[in-house]
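Hi there,

Here is the structure I promised to pass on. Have a look at it, and then read my notes below.

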Amino acid sequence: MSERPGDSIETTPLGAPKRLLAPGETYTSVTDTIASIPLNNRPPRAWYFGFFFGFTLLMLLMLAVTWLLAKGVGIWGINVPVAWGFAIVNFVWWIGIGHAGTFISAILLLLHQNWRTAINRFSEAMTLFAVACAGMFPLLHLGRPWVFWWILPYPDTMGVWPQFRSPLVWDVFAVSTYFSVSLMFWFLGLIPDVATLRDKATHLWQKKVYGVLALGWRGSAAHWQRHQSAYLLLAGLATPLVLSVHSVVSFDFAVAIVPGWHSTIFPPYFVAGAIYSGFAMVLNIVIPVRKLYQLESVITMRILNNMANVMLVTGEMVAYGYFIEAFMAWYSGDPFEEYMMSNRAFGPYGWVFWSLMLFNVVIPQVLWSRRVRTNLTLLFLVALSINIGMWVERFVIVVTSLNRDFTPSAWHLFVPTVWDWATLAGSIGLFFTLQFLFIRFLPMISITETRELVAEPEKAVR
């Protein structure tokens, strides 16, 4: 999965591959390379295997949710005091994964970072699918998900409104806003590309479907002017969401008085962790897809190297957060905070805590090496380690802070059941099912933005 040994790669003074596009790329070659994937009648065999795997896990999710609705949340391992189990762990993990999409699409667009071009469509779609996976967990955790609309502020004859001091209500507003803005941003960028597919399609059903999605796009100067203005406006609206949404999610913990949660560092700590895991998930998707569809000329090593650098920086922020959390527990002199940290490291879940340190802090340090950042096999494994580590981090935050309450008589270990694991695996199946359908039927890379790099080659070395 690494570059061919004979390839000659021009590098920057820092040792990063210099070019964003392979030499010799033209308007036609870029368009054909990207558009041929959804227009091809027969996807690669690996696509069928991947889709079958994701769809099988999705059916497992259907089974787990059906059994949950029939029997109640007692099928999970939650107890008193660990009333927050896998559901909230999975919720925070999936919301974090979705943050890389907004960061890559909005913030890097406003900063004129042109290396985002080959991965922004991947990450935008990943955001939508991750939020879809995340959104179901708080509803399932309610116990009575069929009355979820009680947490929405709607006028009723009883005059009963949601409790706006509840973090659950904050999550509803944050996640729904995030999903709405991300959906508009993703679809707006997609319009010129589906118009290209409409014009290149050879089957009538493709022309009709892509024609409807193109919304009458003709590529006129007026269309482009309105499109670019709206795209920039949505990027400006989406940028604060990178900071606000996961900060609101962190308030689920920070506003509580539970030791290990009541901390002012949680908002920036959660945002850095979200970008960290989000970039890792993008790499875990992009690297195999790049190889499968032979997209090396468009998704070059310069882009993957930059993503690895972002992961390294945010990883150091997360490691600093771990250090500060331990330092403040000691410096505060609070016996409850001190016990929480010692229990977290040396208690019954101590092995989970140290595996978190291994996956999130120790292993990612290899990204300091350019050889690792430019070796796709190693880069894929490091990204996978980060994704596992970030899920373990959420488990540590939720479970180890709750399992030993203020009163020793209320102490209770949390042991996940097979239905906890089935729901987690099923959510991964939902994510990959949607991801494979996206790859099959829509352009996974922005055609128009990639063509801009062909038109203005000086951008391709910035």
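**Helix packing and a few local details**

In helix 5, the residues R121, F122, A125, M126, F129, A130, C133, M136 and F137 meet T423, S427, L430, F431, L434, Q435 and F438 of helix 15; contact here means heavy atoms within 4.5 Å. By class, this contact has 12 nonpolar, 3 polar and 1 charged residues (Ala, Val, Leu, Ile, Met, Phe, Trp, Tyr, Cys and Pro count as nonpolar, Asp, Glu, Lys and Arg as charged, and the others, Gly among them, as polar).

Before going on, please note that this is a predicted model, in which local features need pLDDT of at least 70 and side-chain atom pairs count only at pLDDT 80 or more, while totals for chains, interfaces and linings use all residues. Residues are numbered from 1 along each chain as its sequence is written, and side-chain values use heavy atoms, with hydrogens and water left out.

Helices (H or I, at least four residues) are DSSP runs numbered from the N terminus. The axes of helix 5 (residues 120-141) and helix 15 (residues 418-441) come within 10 Å and cross at roughly 150°; axes are lines fitted to C-alpha atoms over the stretch in contact, and angles run from 0 to 180 degrees between N-to-C directions. The two helices are therefore roughly antiparallel to each other (angles under 35 degrees count as roughly parallel, over 145 as roughly antiparallel, 65 to 115 as roughly perpendicular and the rest as oblique).

F122, S123 and M126 of helix 5 make the contact with G278, M281, V282, I285, V286 and V289 of helix 9; by class, that gives 7 nonpolar, 2 polar and no charged residues.

For helix 12 (residues 350-362) and helix 14 (residues 376-402), the axes come within 8 Å and cross at roughly 145°. This crossing is left-handed.

Helix 6 (residues 167-200) bends by about 40° at I191, and a proline, P192, follows within four residues; the bend is the angle between axes fitted to the seven residues ending there and the seven starting there.

Two loops deserve a look as well. Most residues other than glycine have a negative phi, and most peptide bonds are trans. V80 and P81 are joined by a cis peptide bond, with omega about 20°, and P81 is in the loop between helix 2 (45-71) and helix 3 (86-97). L215 is not a glycine, yet has a positive phi of about 55°; its place is the loop between helix 7 (204-214) and helix 8 (221-254).

Best wishes

How values were computed:
Left-handed = near helix turned anticlockwise from the far one by under 90°.
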